[in-house]
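User: I'm new to this one, and I'd like to learn how to read a few of its features. Could you walk me through them?

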Amino acid sequence: MASVKPLAGKVCIVTGATRGIGKGIALQLGAAGATVYITGRTLKRRGGDQIGGSLEETAAEVAGKGGKCIPLQCDHSKDEDVQRLFDQVAREQDGQLDVLVNNAYSGVQAIADSFKTPFWEQDIGIWDEINNVGLRNHYRCSVLASKLMVPRKQGLIVNVSSVGGLSYLFNVAYGVGKEACDRMAADCAKELKKHEVAFVSLWPGLVTTEMITSLVKEDQFKGVKFGDLDSAESPEYAGLAVAHLAADPAVMKKTGRVLITGDLGAEYGFVDVDGTRRYSMRELGFILSYMTGNTIFLSIIPSFFKIPCWILSLSGSKF
């Protein structure tokens with residue numbers, strides 16, 4: 001008997017899907033039966049690119065999982081490229097768009113290069129390097145996606161964000177951008193709710209993306225406690241989270257919220273692609289393990305002992 005494809009007939013866009021989390025999300029949406037449009041600046045792998053990643057490679061892997069993938073070269077710093085993307089999807093899919101994942105990001109290397117440099121000593125261009133594609137573009141894509149979703153009274157928009165939106169991490173421009181992504185989801189959700197379009201912000205944990213793995217191993221983020229890369233989430237774990245959200249008929253109950261991948265894994269009952277259960281950053285065992293470096297807490301403290309979200313949010317309180 002053929003396997004169930006819960007997203008069969010759905011149309012998705014995943015931005016920034018040549019590698020990392022975007023690629024992982026595209027793989028899982030494709031495996032769940034969706035038609036996935038993927039974007040990025042690199043159509044073919046460049047010679048000598050050690051970190052790697054290209055649209056063609058991602059598309060081939062999606063196809064290998066039985067999915068349908070349409071790679072579109074797009075520079076998300078250019079409005080005309082973004083407009084062309086949505087025009088093509090609307091034209092080819094008769095106006096249908098079910099899921100948009102805002103993942104495109106261009107600031108990781110800039111963050112590493114300026115790490116521990118005070119904001120007043122950084123070139124002002126770092127703001128645009130981090131927040132043009134990683135914030136303004138997310139808003140632009142969300143506007144264009146909403147124009148397709150609202151008339152059909154359905155849809156899901158996901159901003160890929162991080163715990164850096166809660167409290168200081170890496171640098172000022174990064175944290176401001178991530179908190180803005182979370183606030184964008186909350187405020188857009190308020191206006192979209194009556195149209196049955198959900199908008200959420202997704203926080204993965206530590207993820208073994210090609211770029212982060214390389215930078216951490218090279219110790220370019222000296223002093224930042226990442227945790228054990230061996231127990232980090234695969235890029236496809238976030239993909240599983242998005243695929244389950246997209247298949248959830250009650251997803252509107254989550255609209256406007258920040259969602260943590262580990263919490264979604266526990267709620268929907270999925271594990272990482274290697275069969276490993278991943279921990280939520282709210283789990284008491286995970287917090288104690290992270291603080292002490294002793295993983296025994298993961299095995300002796302039940303996973304249902306979690307810090308409530310409202311307590312977690314206090315660490316980012318401005319009052």
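This is a predicted model: local features need pLDDT of at least 70, side-chain atom pairs count only at pLDDT 80 or more; totals for chains, interfaces and linings use all residues.

User: Are F170 and Y174 buried or exposed?

Analyst: Buried means under 20% relative accessible area, exposed over 50%, and partly exposed in between (1.4 Å probe, protein chains only). F170 is buried at 13%, and Y174 is buried at 8%.
Another pair is Y237 with F270: the ring centres are 5.2 Å apart and the planes are at 55°, so this pair is tilted. Y237 sits in helix α8 (residues 235–247) and F270 in the loop between α9 (261–268) and α10 (284–292), so the pair ties together parts 33 residues apart in sequence. Y237 is buried at 1%, and F270 is buried at 8%.
As for the labels, helices (H or I, at least four residues) and strands (E, at least two) are DSSP runs, numbered from the N terminus.

User: What angle do helix α1 and helix α2 pack at?

Analyst: In general, two packed helices are described by the angle between their axes and the distance between the axes. Axes are lines fitted to C-alpha atoms, for helices over the stretch in contact, and angles run from 0 to 180 degrees between N-to-C directions. Here α1 (residues 20–31) and α2 (residues 55–64) pack at about 30°, with axes 8 Å apart. The two helices are therefore roughly parallel (under 35 degrees; over 145 is roughly antiparallel, 65 to 115 roughly perpendicular, and the rest oblique).

User: Which residues of α1 and α2 meet?

Analyst: Contact means heavy atoms within 4.5 Å. From α1, K23, A26, L27 and G30 meet T58, E61 and V62 of α2.

User: Which residues have a positive phi although they are not glycine?

Analyst: Among them are D94, with a phi of about 55°, and E196, with a phi of about 65°. D94 lies in the loop between α3 (79–92) and β4 (99–102), and is exposed at 75% relative accessibility. E196 is in the loop between α6 (172–192) and β6 (197–203), and is partly exposed at 43%. There's a glycine to look at too: G269 follows α9 and has a positive phi near 80°.

User: What does S54 touch, not counting residues up to four places away in sequence?

Analyst: With those set aside, S54 touches T18, T42, L43, K44 and R45. S54 is found in the loop between β2 (35–40) and α2, and is buried, with a relative accessible area of 1%.

Notes
Residues are numbered from 1 along each chain as its sequence is written. Side-chain values use heavy atoms; hydrogens and water are left out. Rings of Phe, Tyr and Trp (its six-membered ring) pair if their centres lie within 6.5 Å; planes under 30 degrees apart count as stacked, over 60 as edge-to-face and the rest as tilted.
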